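Here is my note on the two-chain model you sent.

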Amino acid sequence: MAAALSPAAAPKGAVSLRSVGKVYAAPGGDVVAVEDWTLEIGAGEFVAVVGPSGCGKTTLLNGIAGFDPITSGEIVLDGKRIASAAVPAKPGADRVVVFQNGALFPWKTVVDNVAYGPIVQRRSSRAEALREARTLLARVGLRDVADAYPSRLSSGVQRRVEMVRALINEPKILLLDEPFRALDATSKAVMHEELLKLYDASHTTVFFITHDLDEAIFLADRVVVSTTRPARVKAILRVDLPRPRDFRMTASSDFLALKAQVADVVHQEAEKAFRRGERELA
Amino acid sequence: MLGAAGFVAFVAVWYVLVHFEVWRFAKLPAPGAILREWVSRKPEFGTSLFTRTYYDDIWASVTRVLAAFALATVLGVPLGILLGWNRIARDFLFPLLELIRPIPPLAWVPLAILMLSSQTAAIVFLTWIAAFFATVLNTMLGVASIDEAYIRAAYCLGSRRWDVLWNVIVPGALPYVFTGLQIGMGVAWFSLVAGEMIAGDAGLGYLILNAYDQLQVSTIVIGMATLGFVGFLSSAAVRWAGSRLMAWQPR
C-alpha cells in the first residue's frame with residue numbers, strides 16, 4: 001500500500017527529447033514555436049527550463065504530456081517512443097502534469113481528487129484507492145484537509161494537494177508548468193521546500209517550467225535556458241548545490257554565482273524577445 | 001423584515017388606489033375583499049381555500065408543470081451534454097435547434113392541439129417545449145464553459161473518455177445546467193398558463209380565464225396570487241436541489 005513516496009523505489013523516467021520541433025499553422029503563415037530542441041533527461045533528474053515568456057516552453061511540455069502533437073523529432077520515455085511527427089502523443093498516467101493555474105477538480109473533495117488516478121486506472125478498488133490517498137495525504141501533513149473541497153483551501157495548499165494527486169500514480173515524470181506563478185514570494189519559498197521533500201521521497205523525474213531564476217536554481221539539478229521563439233536549447237547549467245536543499249542556500253555565494261551566470265544568458269534572450277515586441281504566447 | 005414591509009406597502013397602495021377609485025381601479029376589488037373571498041367557506045364565486053375545485057385546479061397545473069419539467073430535464077440535459085461534448089452531434093443538430101428555438105411557445109398551440117390526442121398532452125407539450133430549449137442551451141454552454149485544464153488533467157491521470165464525461169463534463173456543466181433548469185421552470189409556468197387559457201378545461205390558467213368570462217375579478221386575483229405562490233415554491237425547489245448537488249461551489 002502507498003508505494004508512491006516510498007524511499008525504496010528505483011528512479012525511472014529517463015526522457016530523451018530529440019530535435020523536437022513544433023510548427024503551428026497560423027493566419028499569415030506558419031509559426032515555428034520550437035525548433036531542434038534536444039535534451040537528455042536522466043532517470044530521477046530534476047530539470048528546470050527557463051526562458052522568456054512565450055518562448056515555447058509550454059508547447060514543449062504539452063508535447064511530452066501528449067496534449068498536443070509535435071511536428072518533428074521524437075520524444076522517448078524509458079526507451080519507448082511516446083511522440084513523434086508520425087506518432088500522435090497520447091496523455092497517460094506515466095506523465096502527470098501540474099498546471100499553471102491549478103486543476104484540482106473543484107467538485108471533488110481533496111481525498112477524491114487524490115484517489116482519482118488510481119480509481120480511473122482501475123489500479124485498485126475504490127475503497128483501497130481512497131485509503132491510499134488518505135495515507136499519502138497524512139504523510140505530507142494534509143490529513144486535516146482530506147475531506148474539504150478545494151475552494152476552501154489556500155492556493156498553496158491546493159498546489160500541494162495537486163502534487164500529491166500526481167505522485168500517487170507513481171509517474172515516470174512529473175511535468176510542472178509554472179505551478180507557483182500565482183503565489184506570493186513567501187508561500188513560494190515554502191512550496192519549494194515542500195516540492196523538494198516530495199521529490200526527494202518519490203525519485204520521479206521532474207520537468208519544471210518557470211521564468212523565475214531563483215526558483216529554477218534552487219530546485220533543479222540542471223537549468224536549461226531556452227531561446228526566444230523559435231525555442232532552442234541555448235545553455236545548460238549544472239547546479240551542484242547539495243540535497244536536501246534549504247532556503248538559506250539561496251544566499252550562498254555558489255548560488256549567487258550561478259544565478260549571475262543564468263541571468264546573463266536569459267537576459268540576452270529576453271532582450272531579443274523584447275526588441276521583437278513579442279507578445280505572450282503562453 | 002424589509003421584505004415584509006414591501007408586502008405591506010404593496011397592499012397599502014393597492015387599497016388606496018381602489019378606495020379612491022384612481023383611474024380604473026374601481027374595477028378591482030380591495031385587498032380585504034379578495035382575502036375574504038379566498039378564506040370564505042361559502043365563496044361568492046365558488047373558489048376559495050375551502051372549495052374542492054380550487055385544489056383540483058392547482059393539482060392540474062402543478063402535475064402538468066412537473067411532467068413537462070421532468071421531460072425537459074430528462075431529455076434536455078443529456079442532449080445538451082451531447083451537443084457540448086461531441087462535435088459531430090453539434091454540427092448535425094445545433095443549426096436545427098437554433099431555428100426551432102425562437103418559435104414562441106404560443107405559435108405551437110395550433111399544431112399541438114391538432115397533433116396531440118388530448119388537451120392535457122397539448123398543454124404539457126407547450127409547457128415542455130420552452131423549458132426544454134432553456135435546458136438544452138444552458139447545458140451546452142455549461143460544457144463549453146469547462147476549463148480545458150480539468151479535461152487535460154483528467155486524461156493525464158489516466159481517464160478514458162467515459163471517465164472524463166462522468167467526472168469532469170457532467171459535474172463541470174452542473175452550474176449552468178441549474179441556471180437552465182431555473183429559467184426552464186419559469187418559462188414552463190408561463191407557457192402552461194397560456195396553454196390552459198387556450199386549450200384547457202382545468203388548471204389555474206383555465207380558472208383565471210373562466211373567471212374573466214364571468215367577471216369574477218376576485219377569483220382572477222386569487223388565481224394569479226396562487227400562480228405566484230406555486231411558481232415561487234417550484235423555483236425554490238430547483239434552487240435547493242442545485243445547492244445540494246453543488247456543495248463544492250465557493251460561496
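1. Ground rules. This is a predicted model: local features need pLDDT of at least 70, side-chain atom pairs count only at pLDDT 80 or more, and totals for chains, interfaces and linings use all residues. Residues are numbered from 1 along each chain as its sequence is written, chains are lettered from A in the order in which they are written, and side-chain values use heavy atoms, with hydrogens and water left out.

2. The interface. Chain B puts 22 residues in contact with 26 residues of chain A; contact means heavy atoms within 4.5 Å. The two chains bury about 2000 Å² between them, 63% of it on carbon and sulfur atoms. Buried area is the accessible area (1.4 Å probe) that two parts lose on being put together, summed over both. Across this interface, 8 residue pairs are in polar contact, both at pLDDT 80 or more. A polar contact is a pair of N or O atoms within 3.5 Å; within protein, one must be able to donate a hydrogen and the other to accept it, and residues adjacent in sequence count only if both atoms are side-chain atoms.

3. What chain B brings. Helices α7 (148-156) and α8 of chain B each supply at least two residues of the side that touches chain A. Helices (H or I, at least four residues) and strands (E, at least two) are DSSP runs, numbered from the N terminus. The largest share, 7 residues, comes from α7(B). That side of chain B divides into 13 nonpolar, 5 polar and 4 charged residues. In this count Ala, Val, Leu, Ile, Met, Phe, Trp, Tyr, Cys and Pro are nonpolar, Asp, Glu, Lys and Arg are charged, and the others, Gly among them, are polar.

4. Salt bridges between the chains. Their count is 2. A:D68 pairs with B:R152, with the closest N and O atoms 3.4 Å apart. A:R122 pairs with B:D163 at 3.7 Å. A:R122 sits in the loop between α2 and α3 (126-139) of chain A and B:D163 in helix α8 of chain B, so this pair joins two chains. A:R122 is exposed, at 51% relative accessible area, whereas B:D163 is buried, at 9%. Buried means under 20% relative accessible area, exposed over 50%, partly exposed in between (1.4 Å probe, protein chains only).

5. Helix α7(B). Of its 9 residues, 7 are buried, so the helix is largely enclosed by the rest of the structure. B:R152 and B:C156 are among the buried ones. The buried residues pack against α1 (57-65), β6, α2 (110-120) and α4 (155-167) of chain A, together with α8 of chain B. At the start of the helix, a side-chain oxygen of B:D147 reaches to within 2.9 Å of the backbone nitrogen of B:A149. Just after the helix, B:G158 takes a positive phi of about 100 degrees.

6. A:R95. This residue is in strand β6 (residues 95-98) of chain A. A:R95 is buried, with a relative accessible area of 5%. Its side chain reaches the backbone oxygen of A:I64 at 2.9 Å. Contacts of A:R95 beyond four places in sequence include A:L77, A:P171 and B:C156.

7. Salt bridges within a chain. B:R64 pairs with B:D201, the closest N and O atoms being 4.0 Å apart. The pair links distant parts of the chain, 137 residues apart: B:R64 is in helix α3 (residues 52-85) and B:D201 in the loop between α8 and α9 (204-213). B:R64 is buried at 6% relative accessibility; B:D201 is partly exposed at 49%.

8. The core. The largest nonpolar core has 153 residues, of which A:L17, A:W37 and A:F207 touch the most other members. Helix α8 (residues 161-199) of chain B gives the largest share, 14 residues. Such a core is a set of buried Ala, Val, Leu, Ile, Met, Phe, Trp, Tyr and Cys residues joined through side-chain atoms within 4.5 Å.

Notes
A salt bridge is a side-chain nitrogen of Lys or Arg within 4 Å of a carboxyl oxygen of Asp or Glu.
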